[in-house]
Amino acid sequence: MHRVNALNRLDRLPVSRFHKMTLLAVSFAYFFEFADINSFSVTAPKLIKLWGVTVDQVAYVTSLSFVGMFIGSIVASNIADRWGRKRALMQTTVFFGFFSFLSVFSWDLVSLGVFRVLTSAGLSAMTVVAVIYVAEMYPAAVRGRYQAYAIVIGICGTPVTSLIASQVVPLTDWSWRLVFLWGSLGILLVFFTRHLKESPRWLESRGKHAEAERVLGEIEALVSAEKGPLPTPAPPVEEAPVTKVPLKLLLQKKYLLPTLLLTVVWVTQTIGFFGYSSWAPTLLAKEGFSVEDSVFYVALTTVGAPLGSYLAALVTDRFERKWCLVAFGTVIAVCGLFYGLTFNPVLIIVFGFLVNLFERGYTALGYAYSPELFDTRSRSLGTGVSYGLGRLSNAAGPLVVAALYNNHGYQSVFYFIAGAWLVGAIVLAIFGPRTRAARQAAAAAAATAQKTPA
C-alpha cells in the first residue's frame, strides 16, 4: 500500500518561517477566541443595572452558552474530519466572528442570549480544530511548545479585552456593545488563508495520497529553501486509509479510556476556569464593589494569563505533561481558595493573577496533551467529544454557582471551584497516561534521520 509518510516527513522538519506563519495564524484565531469568550461576563454587570438582569438570568445565559459549546465541539470534530483541518479552522472562526458581530445589535437579554449561544458554538468549534491542526502540523519534539506559544499570544486577548471593557463599558448606556464588536474581529483570519496548508496527515488518513504528496512537497520546498537539504524521514508505518469515523469508535477500549479521562479533565477545567472568569466581575459587583472596580480588578488579574502560557511553553516538552497538569491544577485550587476568602483589593488581584497564570498554563498543557492520547483516525472525534462534554457539563455549572451564591454566600462558590480543580488533578495523577516517552522516541528517530540528508 502506497504511503506518503506524512507523520515522519513532518517530524523531521526543522522549525522554519512556515511554522512561524502557521503559528501566527493560529494565534490570531486564539486571540479573538479569548477576546470574545469572556465578553458576556465583563458586560453582565452593566446589563444588571441597565436592563435589570438578575444573577439567575446571567446564569441561564451562561449555561446555554455551554450547551452551544458542546454542540460546536461535536460539529467541529465532524467537519474537521470531513472537510479538512484548514477549511474547518477558517469556517469556525468566521462563524463565531459573525455571531459576535450580531451581538452588537441585540435588543434584550433573549436576543443577546441567542447570539451568545451561537457565538459560543463557534468558539468551541474553532478551539477543537486549532488544537488538532497544531498537533498534526508541528514536529513531535516541539509540538507542545508551539501549542503553548500559540496560547501565549492568543491569551493576550483576555487581558486586552478586559482592559478595553473596563474603559468603554462605563462610558454610556450603549458602549458595552463595543466589547462584542471587538470580539468579532476574529473574522479577519480569512486574510491568513493563503499562508496555511491543509494537514498532510489528515489527507493521508483519508486516502488522498496525491494531494498529501503535493502539500508535503510544498511545505518541504519552503523549509528546504530556508534551512537547506532535509534529512531522510523515518520509514512509514502502514495504516489503512480512513473514510468515515463513527461515534461508536470511541467505545472501543483503546479509545474509551482516554476519552473518559479527558472528559474528566475538561469537565473540571471548564467548571474551574469559567467559574472564575465568568463570575468574578458579577460577584464582586454584587458584594459591593463598583462595576468599574470589579471589571478593572479582573482585568488586572488576567495579565497573568500570557505568562502562564509561556510557563507552560518552558515545561511542556521538558517534563511529563501529565505531572505538569497535576501540579498546575493543585496550585490553581489553592490560589483560588485564597482568592475567594478575601475582600482586600490587593489580595484579590494577587491571587486572581496567580489563578489566571496557572490556569492558562494548564489549558496550554491540556491542548498539547489531549490529541496525543489518540491516533490520527480518532484524534478529531476523541478530542471533540471529550472537550465538548467538558463544556456541556458547565451548562449546570453556572446554575450551581448561582444557587451556592444565593443560598450559602460568596465564599461557597470558591470552595466548589477549588474542589473541581482538585478532582481533575487526582484523576490525572491516578489514570493519566504518560506521553513523554513517545515524544522522545519520535525526536530520536528524527535526530537519527538527520545524519542522512535526502
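Okay, let's start with Phe192, which sits in the loop between helix H9 (177-183) and helix H10 (200-205). When I say helix, I'm talking about DSSP runs of H or I of at least four residues, and strands are E runs of at least two, both numbered from the N terminus. This is a predicted model, where local features need pLDDT of at least 70 and side-chain atom pairs count only at pLDDT 80 or more, while totals for chains, interfaces and linings use all residues. Residues are numbered from 1 along each chain as its sequence is written, and side-chain values use heavy atoms, with hydrogens and water left out.

So, is Phe192 buried or exposed? Buried, with a relative accessible area of 15%. The cut-offs there: buried is under 20% relative accessible area, exposed is over 50%, and partly exposed is in between, using a 1.4 Å probe and protein chains only. Which residues does Phe192 touch, not counting those up to four places away in sequence? Met21, Leu24, Ala25, Phe28 and Met90, where a contact means heavy atoms within 4.5 Å. Take Met21: Phe192 and Met21 are 171 residues apart in sequence, but 8.8 Å apart in space, C-alpha to C-alpha.

Let me zoom out for a second. The secondary structure of the protein chain is 20 helices and zero strands. Of its 454 residues, 60% count as buried. And if you take the contacts with a separation of 6 or more, 87% of them come from residues 24 or more positions apart.

Next, the core. By nonpolar core I mean a set of buried Ala, Val, Leu, Ile, Met, Phe, Trp, Tyr and Cys residues joined through side-chain atoms within 4.5 Å. The largest one has 102 residues, and the members touching the most other members are Tyr30, Leu89, Ile219, Tyr362 and Leu428. Leu89, leaving out residues up to four places away in sequence, touches Met126, Val129, Ala130, Tyr133, Leu189 and Leu196. There's also a second, separate core of 16 residues, with Ala44, Val53, Val104 and Val179 among them.

On to helix packing, and helix H2 (residues 17-37) in particular. It packs on helix H8 (residues 157-168) at an angle of about 45°, with the axes 7 Å apart. Axes here are lines fitted to C-alpha atoms, for helices over the stretch in contact, and angles run from 0 to 180 degrees between N-to-C directions. That makes H2 oblique to H8; on this scheme under 35 degrees is roughly parallel, over 145 roughly antiparallel, 65 to 115 roughly perpendicular, and the rest oblique. H2 passes H8 in a right-handed crossing, right-handed being the near helix turned clockwise from the far one by less than a right angle, and left-handed anticlockwise. Who makes the contact? Phe31, Phe34 and Ala35 from H2, with Gly157, Thr158, Val160 and Thr161 from H8. By class that's four nonpolar, three polar and no charged residues. For the classes, Ala, Val, Leu, Ile, Met, Phe, Trp, Tyr, Cys and Pro are nonpolar, Asp, Glu, Lys and Arg are charged, and the others, Gly among them, are polar.

Ser27 counts as buried at 1% relative accessibility. Leaving aside neighbours within four places in sequence, Ser27 is in contact with Tyr149, Ala150, Ile153 and Gly154.

Now helix H7 (residues 143-154) against helix H16 (residues 345-372): the axes come within 9 Å and cross at roughly 140°. That makes H7 oblique to H16, and H7 passes H16 in a right-handed crossing. The contact residues include Arg143 and Gln147 of H7, and Arg360 and Glu372 of H16. They divide into five nonpolar, two polar and three charged.

Compare helix H5 (residues 85-103) and helix H6 (residues 109-137), where the axes come within 8 Å and cross at roughly 155°. H5 and H6 are therefore roughly antiparallel to each other, and their crossing is left-handed. That contact has 16 nonpolar, six polar and four charged residues.

Two last residues. Leu399, in helix H18 (residues 397-408), is partly exposed at 34% relative accessible area. Its C-alpha is 7.4 Å from that of Asp56, 343 residues apart along the chain.

And Asn5, in the segment before helix H1 (6-11), has a positive phi of about 60° although it is not a glycine. Most residues other than glycine have a negative phi. Asn5 counts as buried, at 10% relative accessibility.
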